[in-house]
Amino acid sequence: MALADLQLERLLQRSDLWRGDAYHPEQEGQDSGYPELNRHLGQGGWPSQGLCEIFYACEGIGELSLALPLMRRLIPRQSREGSPAGLVSLVAPPHVPYSQSLAMQGIDVSRLLWVDTQTSKEQLWALEQILTSGASPLVLCWLEDLSVGQARRLQLACEKGESLCLCYLPSKVKEQAHPVPLRIALQPSTAINIGTNIEASTETSTKKGNDRLLETQVDILKRRGGWPAPRFSLSLLPELLAQSLMLDMVKQQELDKQQSGQILQGPWSV
């Protein structure tokens, strides 16, 4: 080996040298409940504290399911002896939280704090107070917009209260650069956007195509300690709901086939 190559190899072995393709998290993360997401986040899951932005293209693509395992761990329905009693706060959710569904997910709904606000100013004020207090280790909030200054202020509040805030924002604002440790974008599977030719596929490929329809595309736009991760798919639907939707799609496909065989070209009736 040449002297230059040997020197370069020794240099790359140094622990204080960061390589562009390497990931060096500052601290251990919190298990997200999704092994594939943990692997891409690179630190074993969600950050222990800080402001995390989650951009979603539309409602109902698993944006809340993404946080359910973490909520279940922090406030389990069957409380563990000796575990600290914290709160999980929901600030300005777009819909009324359905307590029965959350309880079925193993979540202690009595430890949920729902904050309903009317204006953006009220939302930001409530967020800062909850995050700074440290009484709620996890806060979920839904905002229409967030400036750089507001993001920095919420990040400082998270650090002061040692809280984690998952902030849901519309996809249209994801181009703004904010000083936060994690930014994730969610969108429906590409199979929904381009259409899946299920009739021309085999039974096996049809099942795979249907599975893709129930998945969410995840883009990690920013993560502290490394470059953004490549896009990957994640199934965010509860198992029973996914099975129910799968049966509904199969029934609808069979109905479409039957109806298509009865269509006649021209001004005639069947």
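This is a predicted model: local features need pLDDT of at least 70, side-chain atom pairs count only at pLDDT 80 or more; totals for chains, interfaces and linings use all residues.
Colleague: Which residues touch the most other members of the largest nonpolar core?

Modeller: That core has 33 residues, and Trp-46, Leu-140 and Leu-166 touch the most other members. There is also a second, separate core of 24 residues, which includes Ala-92, Cys-141, Leu-154 and Ala-157.

Colleague: How many of the 270 residues, as a percentage, count as buried?

Modeller: The buried share is 39% of the 270 residues. Of the contacts between residues at least 6 apart in sequence, 73% join residues at least 24 apart.

Colleague: How should I read the sheet, and in what order do the strands run?

Modeller: In general, strands of a sheet pair through backbone hydrogen bonds, in either a parallel or an antiparallel sense. Here eight strands make an open sheet with mixed pairing, in the order S3-S2-S4-S5-S1-S6-S7-S8. Strand S3 (112–115) and strand S8 (229–234) are the edge strands, each pairing on one side only. From one strand to the next, the twist averages 20°.

Colleague: In which sense do S2 and S4 pair, and over how many bridges?

Modeller: Strand S2 (residues 88–91) and strand S4 (residues 138–142) are parallel, with four bridges. Within this pairing, Leu-90 stands opposite Leu-140 in S4.

Colleague: Which strands does helix H5 touch?

Modeller: Helix H5 (residues 120–133) packs on the sheet against S2, S3, S4 and strand S5 (164–170), and its direction makes about 175° with that of S4. Helix H6 (residues 148–161) also packs on the sheet, touching strand S1 (50–56) and S5, with its direction at about 130° to that of S1.

Colleague: How many aromatic pairs does the structure hold, and how are they read?

Modeller: There are two. Planes over 60 degrees apart count as edge-to-face, and those under 30 degrees as stacked. The rings of Tyr-56 and Tyr-168 have centres 6.3 Å apart and planes at 75°, so this pair is edge-to-face. Tyr-56 lies in strand S1 and Tyr-168 in strand S5, so the pair ties together parts 112 residues apart in sequence.

Colleague: What is the geometry of the pair of Trp-142 and Tyr-168?

Modeller: Trp-142 and Tyr-168 are stacked, at 4.9 Å centre to centre with 20° between the planes. Because Trp-142 lies in strand S4 and Tyr-168 in strand S5, this pair ties together parts 26 residues apart in sequence.

Colleague: Are these residues buried or exposed?

Modeller: Tyr-56 is buried, with a relative accessible area of 13%. Tyr-168 is buried at 0%, and Trp-142 is buried at 10%. Tyr-56, Trp-142 and Tyr-168 form one aromatic cluster.

How values were computed: Residues are numbered from 1 along each chain as its sequence is written. Side-chain values use heavy atoms; hydrogens and water are left out. Buried means under 20% relative accessible area, exposed over 50%, partly exposed in between (1.4 Å probe, protein chains only). Contact means heavy atoms within 4.5 Å. A nonpolar core is a set of buried Ala, Val, Leu, Ile, Met, Phe, Trp, Tyr and Cys residues joined through side-chain atoms within 4.5 Å. Two strands pair if DSSP finds at least two bridges between them. Helices (H or I, at least four residues) and strands (E, at least two) are DSSP runs, numbered from the N terminus. Axes are lines fitted to C-alpha atoms, for helices over the stretch in contact, and angles run from 0 to 180 degrees between N-to-C directions. Rings of Phe, Tyr and Trp (its six-membered ring) pair if their centres lie within 6.5 Å; planes under 30 degrees apart count as stacked, over 60 as edge-to-face and the rest as tilted.
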